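Please look through the model below with these notes beside you. They take up the domains and then the ligand.

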Amino acid sequence: MAKKKIAVIGIGKISQDQHLPVIDKSKDFELAACVSTRGIGHGNVPVFKTPAELYAAMPEVGLVSICTPPNVRHQMVREALDAGKDVLLEKPPTPTLAEFDDLVAYGRKKKKVLFQTWHSQYNEAVDATKKILKKEGVTSVRIDWRESVRKWHPGQDWVWEPGGFGVCDPGINAMSIFTKIMPFPVFVASSKLKYPANRQTPVDVEIVFKSGEKHQPKLSAGFNWLEESGEIWTVSIETEKGTKLRLERGGTVLVVNDLVVIQNKSEEYEGIYDRFAKLLKKGKSDMDGAPLRLISDAFFLGARENVEDFNW
Ligand code: NAP
C-alpha cells in the first residue's frame, strides 16, 4: 500500500531526535514537507514558513504532526482541521483543559482523526505493569522524575514562560504512565511548586494524590529539573498482594521483587506512529486528557515557594 504523506510542523529538538528519523524508517508514512519558522528542513522535502503556506501549496498532504511548544497548538490544530488534515500532536497537548476539550469537540465536528500522543505509554513494561495492578491492586505508588533541563531543553526559554509547564513538561510523562496503569481513578490532594524567582514555571514539584479507595493507598510524585547525575525516571509500586514493582528508565524497564523481568530499548515513537497508522485505518481519534488534568490540578492546588534564580 502507498505510504501516507505527512508534514512535520516545528523542527525543534523532538522532531529532529524522534519524529523525522522514525518517519524516515516508517512503512506507513512518507515525509512530504516541513514547516519551520527558521526554515529548517529534512532530506529533500519542501520547507514552508507557516502551515497555511503548506496547505495552499501541497493539498495532497493529508496528515500533520505538530511538534511545537504547547502554547501555539490550539490554533494550529484548528487550522489543520479546517484544512481537512488528520493530526498527531506532541505532548503536553495544550496549556489549558478548555483548549484541549475544544480540540476534541472540533475534531469530532470536522470528522478528522486527532491523536494526542503520550510517548511514555508506548512501552511493554508499562502495559505489563497495568496488567499486574489490575490483578493485584495497589497500596502505594511513588513517582520520582528527575532530569536536567539543560540537557533535555537546552536554551528553550518557552518552558519557563506561562503555559510552558516548567518541570511538569517531563512530569506529565510520568502522569501519562500513572493514569494508564492505575486500576482506579486518582486525584491531586495537594502540591508544592518551587519557582525560580526569575521564572514563571516551577523547577521542582511535589504532589500528593488521593483516591476513592477504602484502603487509602499512598500515592505521591516528585519532579525535579536540576538533576545533573543522569535521569531518574522511576515509578515504585507495592501491590495489595505485597509484590514490589519498579518501572525504571522512563517505563522501559520493569523490575518485580528486585528481578528485572522486562528490559527493552526505547521505541516509543515507533509505537506512536504505528498507533497513528491504525487510528487512520479505522478513522478513529484518540484524545486522552487524563495526564493534563492531573497536572492542571497540581497547578490549581499548588502552594508556591520561590527559590534561587535559574540561568542557563
Ligand atoms: P524545541 O526544540 O523548542 O522545538 C519546538 C519548535 O517548534 C521550535 O524549534 C520551532 O521550530 C517551533 N515553534 C513554533 N512556534 C514556536 C513558538 N511560539 N515558540 C517556540 N518554538 C516554536 O522544543 P522540543 O524539545 O522539540 O519540544 C517540543 C514539544 O515536544 C514540547 O511540547 C515537548 O514537551 C515535546 N517533547 C520534547 C522532548 C524533548 O526531549 N525535548 C521529548 C518528548 C516530547 P521551527 O524553528 O522549526 O519553527
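1. The centres of domain 1 and domain 2, taken over C-alpha atoms, are 27 Å apart. Domain 1 covers 4–116, while domain 2 is made up of 121–264 + 296–307, bounds that come from an automatic or database domain assignment. Where the two meet, nine residues of domain 1 are in contact with 12 residues of domain 2, contact meaning heavy atoms within 4.5 Å.

2. Please keep in mind that this is a predicted model, in which local features need pLDDT of at least 70, side-chain atom pairs count only at pLDDT 80 or more, and totals for chains, interfaces and linings use all residues. Residues are numbered from 1 along each chain as its sequence is written, and side-chain values use heavy atoms, with hydrogens and water left out.

3. Around the ligand there are 24 residues, each with a heavy atom within 4 Å of it, and the closest are Ser-36, Thr-37, Arg-38, Lys-91 and Asp-169. This shell divides into 10 nonpolar, eight polar and six charged residues, and it draws at least three residues from each of domain 1 and domain 2.

4. For Ile-11, by contrast, a backbone N or O atom lies 2.9 Å from an oxygen atom of the ligand. The protein covers 84% of the 870 Å² of accessible area that the ligand has on its own, as computed by the Shrake-Rupley method with a 1.4 Å probe.

Key. Polar contact = N/O pair within 3.5 Å; in protein donor to acceptor, adjacent residues only side chain to side chain. Nonpolar A, V, L, I, M, F, W, Y, C, P; charged D, E, K, R; others polar.
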